[in-house]
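Keep the view open as you read.

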Amino acid sequence: MSEMKRYPVDPEFAAKAHIDNAKYLAMYEQSIKDPDAFWGEHGKRLDWFGPYSRVKHTSFDPHNVDIRWFEDGTLNAAYNCLDRHLEQRGDQVAIIWEGDDPSESEKISYRDLHERVCRLANALKAEGVEKGDVVTLYMPMIPEAAVAMLACARLGAVHSVVFGGFSPEALANRIEGAASRLVITSDYSRRGGKVVPLKANVDEALADPAAARYCKKVVVVKRTDDELAWHDHRDLWYHEITVKASIECPAEELNAEDPLFILYTSGSTGKPKGLEHTTGGYLVYASMTHEYVFDYREGDIYWCTADVGWVTGHSYIVYGPLANGATTLMFEGVPSYPDNSRFGRVIEKHRVNQFYTAPTAIRALMQQGEEVLGDADLSSLRLLGSVGEPINPEAWEWYHRVVGQGRCPIVDTWWQTETGGIMITPLPGATATKPGSATRPFFGVQPALVDKQGNELEGAVEGNLVIKDSWPGQSRSIWGDHERFVQTYFSTFKGYYTTGDGARRDEEGYYWITGRVDDVLNVSGHRMGTAEIESALVAHPAVAEAAVVGYPHSVKGQGIYVYVTLQAGFEQSDELMKALRHWVRREIGPIASPDLIQFAPGMPKTRSGKIMRRILRKIAEDDFSSLGDTSTLADPSVVDDLIAKRLNRW
Ligand code: PRX
């Protein structure tokens, strides 16, 4: 069985690596036994304006969830990502930008990036942005996205990046939810040769009075020469406001616990929540994990293929690498444009050393065959990473053999928007890997498995994955709703942080993430709440009831399977199916587009009216041999009908 395969650490790699196994074990032990001493020491990797005297001040007690790290220290994240590098590496490339069109690329030095950030920070200041204000970024993968994040950080403004694939409706909700007063966007974004009208989406979002009430200015980066609707009282060209701004802008002295950003993510209930990350602990954790997990060394070219709209882009394209003075590659395009060899071409062109991507991209390439990367020279690669969803052993092996040429260790990194940085992962010089396992915890992370009652399980066992104590990168709250934060993460299993994931631990203590245990889907590494998609569907006039579940999908990991009961007077048809799909795309965004829609005259419900999702999940998985007891259903016959008309057949 491939699960049993084990790849030992290459001794040559270990000899040069930051951390070998002996060092891992010793450091891990210290990090758990004496977190104050451990993090007190490692906090020094940043430049502090005012030193901290207290390190860890945290409580997971549901009556008093309180998480603070380095709480009396002062610093600035942009200063740590830029200014402190200028003397030593001002001319070194900070960002390599690779455009959607392979003929477009740009190299930006630390000095140049610093200048751009200062200009924008001054321009934002002139527009009235102050410390503590929320600025929404709705941007393509262009250098200005990183510039905008850092400009906010420089001022102490809080950025809220909204993924460019979200709909105007989703954007409006996030602008309103964060009471954001300014949006930075681009006229259009380019991906895979197509253009997406980002600014027009912002206009549509701001047609919603709830969003327009807060947001008074829109700064627009010019990416194309295409025509654009313009509102003089509100819209500003990025190039016009920055060209006249000064390149001197002192970095605001912020408290370690001042917010750095909020990032919306989906949960099992309600609207997406804005997770809040603060400055000191987050940056210590992002930079330290970046250095050790990717074994980042001076001069390396590092590429993470995520979008800045997700937490991976925050921690491992922008903050972690730049705090470490690294060269980070930012890619505007997609793996399949102009053709499927693009990833290989970019690795070859920029001599990439570390490559960090998602299983969904790996599986998509894998489907194209072993020759997919063409004759691209991949000899620069030293390490591969995976993130966002469980990687199946077949995809792991393929990644190792075809992309890593059997030579590069793979780090399968498990973490979440809430955790700020990587939590469970191999360290390439220390950890023997097993395809499909995220292996062992990073320093300071104490994972545990608990049963439904919250009892901690010992040994080789499967259970709910929880974390026993705080780590510096942890989210501090949900923006504007601390009670929801406590309820979501600290009330199910008292005394622990609840991850929402299930996991198995093997005899060696390695963790194998099995996926979400709640109603959250992971589609192509994008996290989505079934409740969100359901509420979008029931807002359609034809829909009486909707239930959404996930099913295994060979490329996306999970696909979206929708059951819909129509209102009286509506007939099922292909047109209606198309219309519903379009409706969800419009309400949430293309990433939420249902893969399969089954019209269901009735849902399997208990006598008290609760939809039995377990049954719907099984039918969607095409596994209806073990439906369990259906006799308690209000109308057991609906199940036969659902099975007969099921859409996912092997
Ligand atoms: O279910 C886990 C899955 O992605 C979820 C977190 O999603 P998000 O907050 O969007 O962050 C994604 C990038 C960090 C987790 O609860 N997940 C993430 N990484 C892995 C994973 N599942 C298995 N293995 C991973 N390496």
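A pocket, as the word is used here, is found on a 1 Å grid over the protein atoms alone: it is an open set of points where a 1.4 Å probe fits, with protein on both sides within 12 Å along at least five of seven lines, and its lining residues have an atom within 4 Å of a point. Grid points are joined across faces, edges and corners, and a volume is the space filled by probe spheres set on the points. The model you are looking at is predicted, so local features need pLDDT of at least 70 and side-chain atom pairs count only at pLDDT 80 or more, while totals for chains, interfaces and linings use all residues. Residues are numbered from 1 along each chain as its sequence is written, and side-chain values use heavy atoms, with hydrogens and water left out.

With that in hand, turn to the second largest pocket, whose volume is about 290 Å³. Its lining is made of 14 residues, and Glu106, Arg116, Glu144, Val221 and Tyr238 are the ones nearest its centre. Helix 5 (110-126), helix 6 (143-155) and helix 10 (238-243) each give two or more residues to this lining; helices (H or I, at least four residues) and strands (E, at least two) are DSSP runs numbered from the N terminus. Helix 5 contributes the most, with four residues.

Next, find leucine 171 in helix 7 (residues 168-177). Is leucine 171 buried or exposed? With a relative accessible area of 0%, leucine 171 is buried, a word that means under 20% (1.4 Å probe, protein chains only). Leucine 171 touches Thr136, Tyr138, Val162, Asn201, Val202 and Ala205, leaving aside residues up to four places away in sequence; a contact means heavy atoms within 4.5 Å.

Now zoom out. The chain holds 20 helices and 31 strands. Its radius of gyration, taken over C-alpha atoms, is 24 Å, close to the 26 Å from the globule rule (2.2 Å times the number of residues to the power 0.38) for 650 residues, so the chain is as compact as a globular protein of that length. Buried residues make up 62% of the 650.

Definitions and conventions
Buried < 20%, exposed > 50% of the residue type's maximum accessible area, 1.4 Å probe, protein only.
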